[in-house]
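This briefing concerns the sheet, the domains and the ligand surroundings of the structure shown below.

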Amino acid sequence: MLDTLIVGGGLSGMTVARSLHQQGRSFQLVEARERLGGRILTQSASVGGKKANFDLGPAWFWPGQDRIERLISELGLGAFEQYASGTLVYEDERGRVQQGQGYASMQGSLRLRGGLSALIEVLASDIPAVSVRLAHRALAIVPFPDAMLTRTEASASGQMMEIRSRRVVLAVPPRLAAANIDLGAAMSALQIELMASIPTWMAGHAKFVAIYERPFWREAGLSGDAMSRRGPLTEVHDASPHEGGPYALFGFVDVPANSRTDAAALLQACQLQLVRLFGAHAVQPVELMLKDWAQDTLTAAPSDRAPLYHHPEYGLPKYLSSLCDGRLLLGSTETASQFGGYLEGALEAAERCVSAILK
Ligand SMILES: Cc1cc2nc3c(=O)[nH]c(=O)nc-3n(C[C@H](O)[C@H](O)[C@H](O)COP(=O)(O)OP(=O)(O)OC[C@H]3O[C@@H](n4cnc5c(N)ncnc54)[C@H](O)[C@@H]3O)c2cc1C
C-alpha cells in the first residue's frame, strides 16, 4: 500500500515529498492547481528581448531563517539583498508626498535570484514526476482501520478517484481544508471548527507589480520604498531582479478584499499613485501585474477576506496533533510554531511531518 499521500503541492507539501523520496519512502502528491508552488507564484515579463521574473506571492526571507537559507544553498540557488539604498517616500492622507520620511522596513530582507518559483522548479526536479498529480483536488479524507482513504476529483474531466494510503499529510492551510475538504469522518466538529478559526496568512491580500524599462527612481536617488496613508497601495518596494532590468516596483493593495471588484480601475489607481510617489516616469510601465489572492479559492477561504491587523500566533494546536492516531498530519505553514505564516514555517511544518513519518 502507498505509504503517504500528500495533499497540497505548496512549499510545505513539496518539501515533504522531496524528503520522503530521499528516504526511499513511497508517496503520492495531489495538487488542486495545474501548477506547483501554491502561494509561491512568479511571473515573467520581457523588454527588448530581456526577460525577468517577478514574485506575485512571497518575495522575502530573512537572516536567521536557517531552513530556507540551508535549502537554497543545498539546491545551488542564489540569494541577494532587497534593494534599499536611497531616499524613502511618504504620502499622507491627502496625497501630499514628502521624501526622506518613514523607514526602510524591508532593508536586510533577502530575495531569491530568478524569483521564488526557481525554488519550486528545482524542488520539483528532485521529485519523480509520476508521484505528482496536478489538477487533482482532494474532496474528502476518511479513516478506515487498515488505511486512510482520500477522494479526489480531476479538475478537467471531473473524474473521481479513491487513493488508499497508510497516512495523509494535509499540506493545505487549515481554514481552507476545513472549508473545502470533507473531514467529518476524520475529525470531530470541534476540531474542524478549530481548523476554520486559523487564518490563512496573507490570503486576504493583493499584490501589484509595475514593470519599467529603467529604474528611474534609483536614478533619482530613491530606494523605491514608500509608505502611504492614502492608498490604494500602503507600502511600496523595489522588486527589480538582481541581474538588472527590466526593473519593477511592487506594492500591497490596501483596499478591503470585498471592494476589489474592478481590477482595471484598481490597476489604474495603483499606477496613478506611483506617479504621485515617484514622478512622471511612472506613467509608462512596460507591464502591470495584479494578483488578488483573496479571489483565489485555492488559497483563500471566504473568511480569509477579512483583513488581519496582526500576525496570528500560529502553531499546531494540541487538539489537532494526533488526528486519526497519527495517520493524518497537518503540514502547512500555519501549523508551524516558530515561523508560522512564513516560507520558513512551511519548511518547519514539513520537517515535523517527515520526522513523525520516519519515527
Ligand atoms: C501576497 C503574499 C506575500 C507573501 N509574502 C511572504 C514573504 O515575503 N515571506 C514569507 O516568508 N512568506 C510570505 N508569504 C507567505 C508564504 O507564501 C507562505 O508561508 C508559503 O508559501 C506557504 O506554503 P504552504 O505549502 O504551507 O501553503 P500553500 O502555498 O498555500 O500550499 C497549499 C497548496 O495546497 C493546494 N490545495 C488547496 N486545496 C487543495 C485541495 N482540496 N486538494 C489538493 N490541493 C489543494 C493549493 O493549491 C496549494 O498549492 C506571502 C504570501 C502571500 C499570499
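Strand β14 (residues 222-228) and strand β15 (residues 233-238) pair in the antiparallel sense over 2 bridges; strands count as paired if DSSP finds at least two bridges between them. The structure is a predicted model, in which local features need pLDDT of at least 70 and side-chain atom pairs count only at pLDDT 80 or more, while totals for chains, interfaces and linings use all residues. Residues are numbered from 1 along each chain as its sequence is written.

**Sheet**
- M227 has E235 of β15 as its bridge partner.
- The order β7-β6-β14-β15-β16-β13-β17 describes an open sheet of 7 strands with mixed pairing; strands (E, at least two residues) and helices (H or I, at least four) are DSSP runs, numbered from the N terminus.
- β7 (97-99) and β17 (287-292) are at the edges with a single partner strand each, so one side of each has no neighbour in the sheet.

**Domains**
- The protein is divided into domain 1 (1-40 + 116-201 + 312-359) and domain 2 (43-115 + 204-298), with bounds from an automatic or database domain assignment.
- The C-alpha centres of domain 1 and domain 2 lie 30 Å apart.

**Ligand**
- The ligand is surrounded by 41 residues, and the closest are G8, G10, G38, P58 and Y342; a residue is near a molecule if its C-beta atom, placed from the backbone, lies within 6 Å of it.
- α1 (11-22), β10 (136-143), α4 (174-180) and α8 (343-358) are the elements that give two or more residues to this shell.
- Domain 1 and domain 2 both give residues to the shell around the ligand, so the ligand lies between them.
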